[in-house]
Amino acid sequence: MVKLVHLHYSPSFHLQPLNSLKTNQKSRSAAAIPSKQLSLAPSFCSCCGRRHFIEAATAVLLPISPSKSNASTSQSDHYLDLLNRIHPPRPDWYEEFYASVMDTSMKPYEAKIAGYKSQLLEKLKGKAKRVLEIGIGTGPNLEYYAGDNEVQVFGLDPNKKMEKYARAAATAVGLPSKNFHFIEAVAEAVPLDDSSVDAVVGTLVLCSVQDVNMALKEVKRVLKPGGLFLFIEHVAAEVL
């Protein structure tokens with residue numbers, strides 16, 4: 001059984017088995033599950049707004065390279081093929097600009113939501129030794145769960161230029177360099193073994209994932225039995 005702990009942007013806490021939820025990105029309302037209501041500002045997704053603005057502003061300056069096809073059926077080629085199809089290769093300057101802007105522009109949002117992140121992610125302390133964070137970005141969540149020298153963090157992001165910012169964030173909270181592993185990949189194809197992590201973390205990620213159901217299946221696959229999926233989202237889940 002996989003435990004699901006969710007800070008919804010409506011907002012609310014949800015604790016449901018992962019296989020009982022079906023995602024629905026079009027809905028903004030909370031799923032019909034008993035929940036503890038919290039007051040959270042802002043009520044809009046500042047992250048998505050900035051992300052889409054940055055992408056639109058930079059995409060018009062230089063065409064994005066076409067994705068590469070890959071006919072191999074190996075696991076490695078499978079996740080690389082999905083990475084290239086979902087996140088086509090972009091110029092280095094684009095990826096670096098995007099990463100640097102995200103690193104600076106999200107600070108006001110991070111300050112506002114710090115208390116809620118702390119409340120949610122503290123559940124990992126002393127309980128999870130291997131943590132996968134999908135959409136780790138510049139690493140703003142690391143301060144809440146990665147201060148333990150025994151924790152192994154696998155930070156997944158399709159933008160390779162996020163790595164230096166995420167590593168700097170890991171170093172700042174005292175996580176040894178050998179305990180931080182940056183993975184250039186998408187959430188729909190995670191290059192980790194089945195049942196290999198104790199917890200998965202994701203904050204404001206599912207709104208930018210191309211195939212949410214596929215991403216959630218990957219989360220369930222890599223989690224150990226009884227593992228935790230902790231996330232903060234503003235997309236609703238449909239209860240079956």
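In this predicted model, strand 7, which spans residues 197–203, is mostly covered, since 7 of its 7 residues are buried. Strand 7 pairs with strand 4 (residues 130–134) through 3 bridges, and these two strands run parallel; within this pairing, Val131 has Ala199 of strand 7 as its bridge partner. Strand 7 is also joined to strand 8 (residues 223–233), again in a parallel arrangement, by 6 bridges, and here the bridge partner of Gly202 is Phe231 in strand 8. Between strands 7 and 8 the chain passes through helix 7 (residues 212–222), and the three elements together make a β-α-β unit that is right-handed.

Ser195, in the loop between strand 6 (180–184) and strand 7, has a phi near 50 degrees, which is a positive value in a residue other than glycine. Leu204, placed in the loop between strand 7 and helix 7, likewise has a positive phi near 50 degrees, although Leu204 is not a glycine.

Helix 7, the helical part of the β-α-β unit, includes Glu218. This glutamate has a relative accessibility of 12%, and because buried residues are those under 20%, Glu218 counts as buried. A polar atom of the Glu218 side chain lies 2.7 Å from the backbone nitrogen of Val190. When residues up to four places away in sequence are left out, Glu218 touches Ala187, Glu188 and Ala189 as well as Val190.

A further packing arrangement involves two other helices. Helix 3 (residues 92–105) and helix 6 (residues 162–172) pack with their axes 9 Å apart and at an angle of about 35 degrees. On the side of helix 3, the residues that meet helix 6 are Glu96, Tyr98, Ala99, Ser100, Met102 and Asp103, while helix 6 contributes Met162, Lys164 and Tyr165. Sorted by class, this contact of helix 3 with helix 6 has 5 nonpolar residues, 1 polar residue and 3 charged residues.

Technical notes. Residues are numbered from 1 along each chain as its sequence is written. This is a predicted model: local features need pLDDT of at least 70, side-chain atom pairs count only at pLDDT 80 or more; totals for chains, interfaces and linings use all residues. Side-chain values use heavy atoms; hydrogens and water are left out. Buried means under 20% relative accessible area, exposed over 50%, partly exposed in between (1.4 Å probe, protein chains only). Helices (H or I, at least four residues) and strands (E, at least two) are DSSP runs, numbered from the N terminus. Two strands pair if DSSP finds at least two bridges between them. A crossover is right-handed if, with the strands pointing away from the viewer, the path from the first strand over the helix to the second runs clockwise. Axes are lines fitted to C-alpha atoms, for helices over the stretch in contact, and angles run from 0 to 180 degrees between N-to-C directions. Contact means heavy atoms within 4.5 Å. Ala, Val, Leu, Ile, Met, Phe, Trp, Tyr, Cys and Pro count as nonpolar, Asp, Glu, Lys and Arg as charged, and the others, Gly among them, as polar. A polar contact is a pair of N or O atoms within 3.5 Å; within protein, one must be able to donate a hydrogen and the other to accept it, and residues adjacent in sequence count only if both atoms are side-chain atoms.
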